[in-house]
Amino acid sequence: MFSFLKRKKQKNDRKIQELNNQNQTNKTLPNLIEKSLSKNLEVIKQKTGNSSDIVIRQLKICHNSKMKIAILYVKGMVDNQSVNDFVIESIINNQNLSEKLKPQDVLEVLTEDVVAVGGIKVVNDWEKLFTALMSGETITLIDGLSKGICASTQGGQRRSVQESTTNVSIRGSKEAFNESIETNTAMVRRIINNTDLWVESINIGKMTKTEVSIMYINGIAKNEIIEEVRKRLKGISIDGILESGYIEQLIEDQTNTTFPTIHHTERPDSVAGNLLEGKIAIFVNGTPFVLLVPALFIDFFQSVEDYYERFDISTAIRFLRTVIFLISLVGPAIYIAATTFHQEMIPTELAIIIAAQRESVPFPAFIEALIMEITFEILREASIRMPKAMGSTISIVGALVIGQAAIQAGIVSPGMVIVVSLTAIASFATPSYAVAITARLVRFIFMVGAATFGFYGIILVFILLIVHLCSLRSFGVPYMSPLAPFIREEAGDTIFRRPIWAYKKRPRLISGQNRVSQGENQKPQPPGTRVMKNTTNMEKGDQNES
Amino acid sequence: MEKAKISAYQLFILIVLFELGSALLVPLAIEVNQDAWLAILIGMVGGFCLYLVYHGLYSYYPDLPPTEYIQKIMGSFLGKILAFIYVLYFIYLSARVLRDFGEMLITAFYWETPLFILNTLMVLLVIYTIRKGIEVLARTSELLFVLIILLGISALFLIVVSGIIQISNLEPVLEEGIKPVIKTTFTQTLYFPFGEVIIFSMILPYLNRPEKVKRIGLLAIGFSGLILASVMAINVSVLGVNNITRSPFPLLSTIQTIEVAGFLERLDVYFILLSVIGIFFKMCVFFYASVVGTANLFKVKESARLAFPLGLAILILSITIASNFSEHVKEGLHIITLYLHLPLQVIIPILLLLIAFIKNKKKKSNHNKNLLPKRKYRLAERDKN
């Protein structure tokens, strides 16, 4: 019908293709390294735009200093000491080298004898050479040889291993991941000393070529899920990966949801614990946040510390967290519904107090709540973004001006301030920020429901929320399991935390065939008398003690 | 049929929530005054028999929904007509439940809100759920079932603590003999809520372990029957015969009488929670059966696509079904039971079962004849070894 439009479009397409082709021809390099050193250096300079942070050091070695070599590295990306001591210095001082004449011999001596660095490889095409150079390796080029030697000298300034700032715990290991992927994987390997801990790496990002590793325990993690993770990661085609959040958004199961279906953590012990359950960790270079898949809804309400404390205390705390989450979801909504629609449900004395407070307030409860909630969200956002030195100013403004003065001015009622602050504190107490931030959003839907239909509205939104949660999946595993679908033997680790000795098996939907996680009879059996459990000669204790 | 599987436990919960759904809220079998609980229990026994009939049909065609096996039993033409009648019946029932619910909300809490708005919200929620499929519905039921049980236990505790139960209200038992009780059973409780289990024959093919269908179904009906009977008995003992016959929603009146420590009173929110969740599941099951039945009958590949148009139809039907509440109730008690429930829940299924039985017996005898030589051969083989 609109054939003329089509033709135009085709023309445009062709133009774009031609442009692309031109770009590609410009980009293409001679594939292989050439023999002449000066030519090679020329290529490197041209390719990198003569960047000032690339150091090219030319040396003359061998008999009568006849042979030219060049050493290249990127400033700041390498460990200066290893470059100076183990590459440059050992090349200059080496006796064997001065006897050699042919470039091939020099190469052999260099790789086998001289360069005292762990990882060494010989490459002959430009692409590999540039990848190595850009990732912090030191390149040695020899005149008259179409090969380059890459020595792994990665280093430079990184943040040291520090205490976790986002997943704080009182008991347990204090160290948290940092930005270097090698350090991070090593930290987990230090906890799980087992050959079955497998790591696979790929580079993602056309420009950034970020290193991404998946880690799992072979034999525990489910093969289908590992394969799925691999496939989804390989399917990513994007300019750059700056943080694990990019990966998270590109591989999650469902995008039309505010609930996170991939877990992230900063703590190595948390990753190790999840790996032992059969989950898969995804490390991304440049960020301390490691992704864990598949993630279940209840994972976001658990902290590693739950397993370090005894079970009764942890269970109580988990109950508390459930209550906290419910408050942070429906706190203001219930207040709105009760004061606007269902006054008869409030006990009489309380109803009179609330009515007296609200007498001078010119807004309906919903508007009042909305004002306070939005004010609070502004305060919170401000306190995260602004310089730390300003912190006290914000707390004064927040507490005095907005809290106290708003009530005195008669804009909001004291009851509403209490409700909103309780909700705010509750949303801070949720262990996972990812779910707390979701609750912040969903809370407003509940408030709208309450303002229009009272408790009927709240319950409708609540059912909607549960239906939505039940419809989610994370890498094929139902998001609400083991609560729905209910799995009896695993439900003990949800809002309860059963004793460690009762964890007989790993989660069925997450781990593969190998599910037995501990031996029989792990429950400590206290002896009936003062006899120790495993030794019999303590019976004398009676006499010694008194 | 979508590709989904539900577990036996999920089926149990779905049946229980479905049975409790609206029956818990309305004055069930109140014609026989204090003997209502007895009428419910007898109705439950009748429900067992009906369920066995539906299960009998299911065991002949374990992979097919009724809309399909009716065609196999009755032949294509007659079967299609009958299946269509059943689908219409399901749609009509979901509209009735929706109307019941809207009227209840208006009477109890929202005097000024239009029925249309209340119903629309519910229908939208149900449509959203059904579009997600039966598995999501089943998982949702597992979570909300826990909530209902917790509510029930705490409500029972509060009722006991506030000391408002008077067992003497339940006496005398069988004041006018057993006759009126039996009559009420066969005009009311047998069909509503127990006979309505026929809707689950649309869902049974999804069960992952077919051998459990019979036990789970009977257990669920028994469990919900016991709960209904005990709740009705509590209602009567709290309110007394005089009050309960005048109350449109006995459970609401009972809950409103609770008063503990001068602080916990007017716990209407319990009732709203119970009613919205219960009605939601009842609506969902009815609506799911309508959608899947329609899709199956008219060979629509994606049944989820029918959710919106059918939902709209049910919404409009629920408004236009009766001009006011008393007309609606009268239709429900006298006309529907006689002209819809009795034939569609009892007579036709029994006839279908008989026909299926005869048909399969024929087939089986033919089958056996063919099988015999093979079996002889196998026996001979075994003897050799």
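Me: A nonpolar patch is built from residues with over 30% relative accessible area and no salt bridge, their nonpolar side chains being joined within 5 Å. In this predicted model, which residues of chain B form a nonpolar patch on the surface?

Reply: The members are B:Ile347, B:Ile350, B:Leu351, B:Leu354 and B:Ile355, and together they have about 410 Å² of accessible area. One of them, B:Ile350, sits in helix H12 (residues 325-384) of chain B.

Me: Is B:Ile350 buried, partly exposed or exposed, and how do you know?

Reply: Set its value against the cut-offs: buried means under 20% and exposed means over 50%, with partly exposed in between. B:Ile350 has 37% relative accessibility, so this residue counts as partly exposed.

Me: What makes A:Glu377 and A:Arg440 a salt bridge?

Reply: The rule wants a side-chain nitrogen of Lys or Arg within 4 Å of a carboxyl oxygen of Asp or Glu. Here the closest N and O atoms are 2.7 Å apart, and the pair is a salt bridge. A:Glu377 belongs to helix H14 (residues 365-385) of chain A and A:Arg440 to helix H17 (residues 433-471) of chain A, so this link joins distant parts of the chain, 63 residues apart. Both partners are buried.

Me: How many salt bridges are there over all chains?

Reply: The count comes to 29.

Me: Why is the pair A:Glu489 and A:Arg515 said to tie together parts of the chain?

Reply: Their side chains meet in a salt bridge, with 2.9 Å from N to O. Both residues lie in the loop between strand S12 (477-478) and H18 of chain A, yet they are 26 residues apart in sequence, so the pair ties those parts together. A:Glu489 has a relative accessible area of 40%, which makes this residue partly exposed. A:Arg515 has 16%, and because that is under 20%, A:Arg515 is buried.

Me: How far apart along helix H6 of chain B are B:Glu135 and B:Arg139?

Reply: They are four residues apart in helix H6 (residues 134-161), so about one helical turn separates them. In an α-helix, residues three or four places apart point the same way, because there are 3.6 residues a turn. The two form a salt bridge, with the closest N and O atoms 3.6 Å apart, which is inside the 4 Å limit. B:Glu135 is partly exposed at 24% relative accessibility, whereas B:Arg139 is buried at 5%.

Me: Which residues do salt bridges with shared partners join into one network?

Reply: The network holds A:Glu373, A:Glu377, A:Arg380, A:Arg440 and A:Arg443.

Me: Where does helix H7 of chain B bend, and by how much?

Reply: Helix H7 (residues 179-194) bends by about 50° at B:Thr185. B:Thr185 is also among the buried residues of this helix, which include B:Val181, B:Leu190 and B:Phe192.

Me: How do you know how confident the predictor is in each chain?

Reply: Look at pLDDT, which runs from 0 to 100. Chain A has a mean of 85, with 90% of its residues reaching 70 or more. Chain B averages 88, and 95% of its residues score at least 70. The model as a whole scores ipTM 0.91 and pTM 0.88.

Terms used. Residues numbered from 1 in each chain as written. Chains lettered and ligands numbered in written order. Predicted model: local features only at pLDDT ≥ 70, side-chain atom pairs only at ≥ 80, totals over all residues. Heavy atoms only, no water. Patch = residues over 30% accessible without salt bridge, like charges linked within 9 Å, V, L, I, M, F, W, Y side chains within 5 Å. Areas by Shrake-Rupley, 256 points an atom, 1.4 Å probe, with all protein chains shown as cover. Helix = DSSP H or I, 4+ residues; strand = E, 2+ residues; numbered from the N terminus. Buried < 20%, exposed > 50% of the residue type's maximum accessible area, 1.4 Å probe, protein only. Bend = angle between axes of the 7 residues up to and from the residue.
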